[in-house]
Amino acid sequence: MNHPHLRRIGVLTSGGDAPGMNACLRAIVRTAVYHNLEVIGFQHGYRGVLLGEYQVLDARSVANIIQRGGTILGSARCPEMHHADGVERAAKNLKGLGIDALLVIGGNGSMQGAVALTEHWSGQIIGLPGTIDNDLGGTDWTIGFFTALDTALDAVDRLRDTADAFDRIFLLEVMGRHAGWIALFTGIGGGAEEILIPEQAYDAETIVTRIKDYRARGKQSLVVVVAEGACAGGVQQVAADIEGHGFETRTCVLGHVQRGGSPVALDRYLATELGVFAVQAVLAGETQMLAGKLGQANQLVPLREALADRNHQPPTHLLAINRFLAT
């Protein structure tokens, strides 16, 4: 049974795109339609709310998109949402369109925008974690992480082949300005000799000492996975530090290719399950919550708590384990 005042819901994808956002949109729209709700899809994130750019979505609007990367609604950064007048304008537009509930798919910045909206708008808001960085509290996993991880892992495998052929040290920079999830899991999965992440202080001398040790034990080709925020100078700084001790390196910056591509099975599953769960939460009258996955269970966590959660850190104990696995 529908919540008595619920007639029309809005949905948007915001911030950096992540594989699986389309799968999430599909689940949201079809679950809403099943419950006789009208769905308005805002284009290019919060910008669509501010500019009144939207489309009505029905079951056919989301046909054949579960396997597509990106987002059919488009995404954008929206600096106006950092200012009270922009948030007020967004709230006014939501009221004018008769939106009863808003579902926001995105990362930290998107959830901050959702929290800001609650100060000016009385409608229901549910956030869904969509970011390749897996750096949002209130959920173990975020939509897009698993696909980005597989993309990075494929790059490691390919680099390993050429590293072995030339006895070289290859440095692979992956995304993760403030979070080392992609780098850590890519390094473990790809058998990298070294993994550099923002959560662990960068020490050039230690890295060089380990490289010397690898070479002394006859290991000639090495792969170092570097999160983009692992040190102030990025992968170029790491390369300079290593080359300063007489070693030849090659660098590969994976960049935005990690954001694209068809979502892997786990992202499609997570996106679908959380999309359905979010609509069910709205129907139950919930608001200001993040729809996340904790353990095997779908959980609602207050948005403010999710944003303040500093315990959602990558398992850095894997770095110690990698020391003997890489030998």
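In E10, Met 289 is the bridge partner of Ile 126. The two strands involved, E5 (residues 124-129) and E10 (residues 289-294), run parallel and are joined over two bridges; two strands count as paired if DSSP finds at least two bridges between them. Strands (E, at least two residues) and helices (H or I, at least four) are simply DSSP runs, numbered from the N terminus. This is a predicted model, in which local features need pLDDT of at least 70 and side-chain atom pairs count only at pLDDT 80 or more, while totals for chains, interfaces and linings use all residues. Residues are numbered from 1 along each chain as its sequence is written, and side-chain values use heavy atoms, with hydrogens and water left out.

E5 and E10 belong to an open sheet of seven strands, ordered E3-E2-E1-E4-E5-E10-E11, with mixed pairing. Its edges are strand E3 (54-57) and strand E11 (297-302), each of which pairs on one side only. On average, and ignoring direction, neighbouring strands here are turned by 25° against each other. Helix H4 packs on this sheet, touching strand E4 (101-106), E5 and E10, and its direction makes about 160° with that of E4. Contact means heavy atoms within 4.5 Å, and axes are lines fitted to C-alpha atoms (for helices, over the stretch in contact), with angles running from 0 to 180 degrees between N-to-C directions.

Pockets come from a 1 Å grid over the protein atoms alone: a pocket is an open set of points where a 1.4 Å probe fits, with protein on both sides within 12 Å along at least five of seven lines, and lining residues have an atom within 4 Å of a point. Grid points are joined across faces, edges and corners, and the volume is the space filled by probe spheres set on the points. The largest pocket is lined by 39 residues, and Gly 107, Asn 108, Gly 109, Asp 133 and Asp 135 lie nearest its centre. Helix H4 (108-118) and helix H10 (303-308) are the elements that give two or more residues to this lining, with H4 giving the most, six residues. By class, the lining has 13 nonpolar, 17 polar and nine charged residues; here Ala, Val, Leu, Ile, Met, Phe, Trp, Tyr, Cys and Pro count as nonpolar, Asp, Glu, Lys and Arg as charged, and the others, Gly among them, as polar.

The second largest pocket holds about 160 Å³ of space. It has 14 lining residues, and Leu 196, Gln 200, Ala 201, Ile 207 and Arg 210 are the closest to its centre. Strand E7 (194-196), helix H7 (204-216) and helix H11 (317-325) each supply at least two residues of the lining, which splits into eight nonpolar, two polar and four charged residues.

E7 is also part of another open sheet, where four strands pair in parallel in the order E7-E8-E6-E9. E7 and strand E9 (249-253) stand at the edges with a single partner strand each, so one side of each is left without a neighbour in the sheet. Gly 255 sits in the loop between E9 and H9; its C-alpha atom is 6.6 Å from that of Val 174, 81 residues apart along the chain.

As for H9 itself, this helix (residues 265-283) packs against H1 (residues 21-34) at an angle of about 35°, with the axes 7 Å apart. The residues of this contact divide into eight nonpolar, three polar and one charged.
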